[in-house]
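I opened my notebook to get to know a structure that was new to me. Here is what I looked up, entry by entry.

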Amino acid sequence: MKELGKINSLLINRFTANGAYLALHDGEEVLLPKSYLQEDFKEGQEVEVFVYTDSEDRPVAVTNRPVALLDEFAVMEAKEITRFGAFMDWGLPKDLFVPKSEMHVDMEEGEKYLVRVCMDFKTDRLIGVSKYEDFLELETRGFEEGQEVEALIFAETDLGFKALIENAFEGLIYKNEVFTTIELGDKVRAFVKKRREDGKLDLRLEPIGREKYEEGAEKILSVLKVKKFLPLHDKSSPESIKELLGMSKKHFKQSIGQLYKAKIIKILDNGIELV
C-alpha cells in the first residue's frame with residue numbers, strides 16, 4: 001500500500017457506524033474511525049489523513065499527524081521496553097515499535113532517542129529504527145562556513161549536542177559555545193562552523209563573523225529598550241552576562257562596541273544605558 005506512512009488526500013467513499021471509508025489509489029478502502037469524523041464531512045469530500053496500521057495490523061487512517069512520516073527522523077520518548085524491543089511515543093494512539101535488532105543502543109523507559117520511521121518489508125508494517133548512522137550521508141562538501149541550517153538536537157555527549165541536519169547529515173554543537181538552554185528534540189537555527197575530515201559538521205548557534213555581532217547588538221538593544229539600563233560592563237563575569245543575555249563575554253563586548261560606535265548607548269562604570 002503506497003499510502004502507508006504518508007500524509008494523503010483521500011476521498012470519502014461512504015459512511016458506516018464505525019466511521020468513513022476512504023478510497024485508496026489501488027481501488028481498495030481504508031477506514032477513518034468515527035472519532036476522527038467532523039460534522040461537515042460529506043461523501044465525495046477530500047480529507048487529509050495519515051495512514052498506518054492499528055493494533056491488529058489493519059490499515060487505518062487518522063487525521064493526527066505523527067512527529068515523523070515514512071523515511072523521516074524524530075526524537076521520540078520510549079514509553080515501554082520489552083525483551084523484543086521498545087514502544088515509542090510518536091503522537092498517535094498506537095506507539096511505534098523499535099525492534100531490539102534495530103536499536104542503536106539499549107533503550108530505557110522515559111529516555112529520548114533519535115528514531116527513523118521505516119517500512120518493514122517482511123510484514124508491511126511501519127517500524128522505528130534507531131541505528132541512525134546507517135542512513136546518514138557523509139558527503140558534506142556542499143556546506144559552507146557560516147551557512148544557516150535547521151538542526152534537530154538528538155543526543156548529548158561530553159563534548160556537546162549532536163544534531164541532525166536536513167534529515168541526512170550529522171553535526172555537533174560544542175557545550176562551551178552554548179549560552180542558552182537546549183533540550184533533546186529541539187529544532188534550532190544553527191550555523192556551520194567547519195566541516196571535519198570525517199564529513200561531520202561542527203555547528204554553532206550564533207552566526208559566524210560580523211553578522212554575529214550585529215545580531216548580538218540587536219539583542220542588547222531590544223533588552224535596553226525595555227529595561228533602559230543593564231548592570232553589565234567590561235569587568236562583568238561571563239556567568240552574569242550569560243544569565244542576563246544568553247551570550248558569551250566576548251560576544252557581549254564586541255556587540256556593545258558596535259552600539260557605542262553608533263552612539264546608541266552610553267558605557268558607564270556600573271553598566272550600559274541608552275543614549
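**Entry 1: a pair of strands**

I began with strand 11 and strand 12 (residues 160–165), which pair in the antiparallel sense over five bridges. For my own use I noted that strands pair if DSSP finds at least two bridges between them. Strands (E, at least two residues) and helices (H or I, at least four) are DSSP runs, numbered from the N terminus. I also reminded myself that strands of a sheet pair through backbone hydrogen bonds, either parallel or antiparallel. The link between strand 11 and strand 12 is a hairpin of three residues. As one example of a bridge, I found Glu156 partnered with Phe161 in strand 12.

**Entry 2: what I am looking at**

This is a predicted model, where local features need pLDDT of at least 70 and side-chain atom pairs count only at pLDDT 80 or more, while totals for chains, interfaces and linings use all residues. Residues are numbered from 1 along each chain as its sequence is written, and side-chain values use heavy atoms, with hydrogens and water left out.

**Entry 3: around the barrel**

Next I followed strand 11 (residues 148–156) to strand 14 (residues 187–195); the two run antiparallel and are joined by five bridges. Here Glu150 has Arg189 of strand 14 as its bridge partner. Which strands pair in the parallel sense over three bridges? I found strand 13 (residues 169–174) and strand 15 (residues 201–204). In that pair, Ile173 stands opposite Leu203 of strand 15. Putting the strands together, I saw five of them close into a barrel in the order 11-12-13-15-14, with mixed pairing. Neighbouring strands of this sheet are turned by 50 degrees against each other on average, direction ignored.

**Entry 4: helix 3**

I then turned to helix 3 (residues 249–261), which has 13 residues. Which residues of helix 3 are buried? They are His251, Phe252, Ser255, Ile256 and Leu259. Down the axis of helix 3, these buried residues fall within an arc of 120 degrees, so they line one face of the helix. (The arc is that of the directions from the helix axis to the C-beta atoms.) On the face turned away from that buried side I found the exposed residues Lys250 and Lys261. I took buried as under 20% relative accessible area, exposed as over 50%, and partly exposed as in between, with a 1.4 Å probe and protein chains only. Just after helix 3, Lys263 takes a positive phi of about 60 degrees.

How values were computed: Axes are lines fitted to C-alpha atoms, for helices over the stretch in contact, and angles run from 0 to 180 degrees between N-to-C directions. The expected span of a helix is 1.5 Å times one less than its number of residues.
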